[in-house]
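Reader: I'm new to this. Could you walk me through reading a helix and some aromatic rings?

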Amino acid sequence: MDLKQKFRDFAAAFEVAYATDDWSVIAPHFTEDASYTYSDGSDAAVGREAVLQKLHTSVNELDRKMDQREVAFQDVSVDGDTVTARWSGRYTKHGLPPLDVSGEEVARFSGGLISELESVIYDDSIAAFGAWMKAHGSSL
């Protein structure tokens with residue numbers, strides 16, 4: 001089983017979900033008892049439906065408030081049942097400077113499906129995001 005390709009398939013389905021706001025298209029990529037966490041220690045979503053809801057809420061809180069969102073994966077690696085994908089994102093809103101962030105998605109697979117997904121935002125990106133929000137967040 002090619003977990004790197006399975007992750008890429010999930011990432012492509014995520015972009016479809018984002019574009020159409022139909023989050024059911026990513027459901028087949030998760031186990032029923034999947035979990036999703038942020039590296040900041042916020043509450044985990046447990047269960048496929050909770051994961052879909054948390055991902056949906058996450059993009060509504062930032063991505064949809066911007067005029068443009070560009071996310072790209074620079075490296076996808078596999079270690080056993082775990083895929084780690086480094087990414088960078090640029091968010092733009094007319095009249096504001098761009099917001100650049102980067103991090104990793106870490107996906108553990110079970111039976112060819114994602115059983116655990118963690119979004120890790122790098123420390124420098126957390127600092128940049130905080131500074132950007134302090135300066136420009138009221139404009140969103």
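This is a predicted model: local features need pLDDT of at least 70, side-chain atom pairs count only at pLDDT 80 or more; totals for chains, interfaces and linings use all residues.

Reader: What should helix α3 span at 1.5 Å a residue?

Author: Helices (H or I, at least four residues) and strands (E, at least two) are DSSP runs, numbered from the N terminus. The expected span of a helix is 1.5 Å times one less than its number of residues. For the 14 residues of α3, 123–136, that gives 20 Å, and the end C-alpha atoms are 20 Å apart, which agrees.

Reader: Which residues of α3 are buried?

Author: Buried means under 20% relative accessible area, exposed over 50%, and partly exposed in between (1.4 Å probe, protein chains only). In α3, Ser 125, Trp 132 and His 136 are the buried ones. Seen down the axis, they fall within an arc of 30 degrees (taken from the directions from the helix axis to the C-beta atoms), so they line one face of the helix. The face turned away from that buried side carries exposed Asp 123, Ala 127 and Lys 134.

Reader: What do the buried residues of α3 pack against?

Author: They pack against β5 (99–110) and β6 (113–121), with contact meaning heavy atoms within 4.5 Å.

Reader: And the rings: how many aromatic pairs does a search of the whole structure find?

Author: A pair of aromatic rings is described by the distance of the centres and the angle of the planes. Rings of Phe, Tyr and Trp (its six-membered ring) pair if their centres lie within 6.5 Å; planes under 30 degrees apart count as stacked, over 60 as edge-to-face and the rest as tilted. The search finds 6 pairs. In one of them, Phe 7 and Phe 73 have ring centres 5.5 Å apart and planes at 80 degrees, so that pair is edge-to-face. Phe 7 lies in helix α1 and Phe 73 in strand β3, so the pair ties together parts 66 residues apart in sequence.

Reader: Which charged end sits over the ring of Tyr 18, 4.2 Å from its centre?

Author: A charge sits over a ring if NZ of Lys or CZ of Arg is within 6 Å of the ring centre and within 35 degrees of the ring normal. Here, that's Arg 69.

How values were computed: Residues are numbered from 1 along each chain as its sequence is written. Side-chain values use heavy atoms; hydrogens and water are left out.
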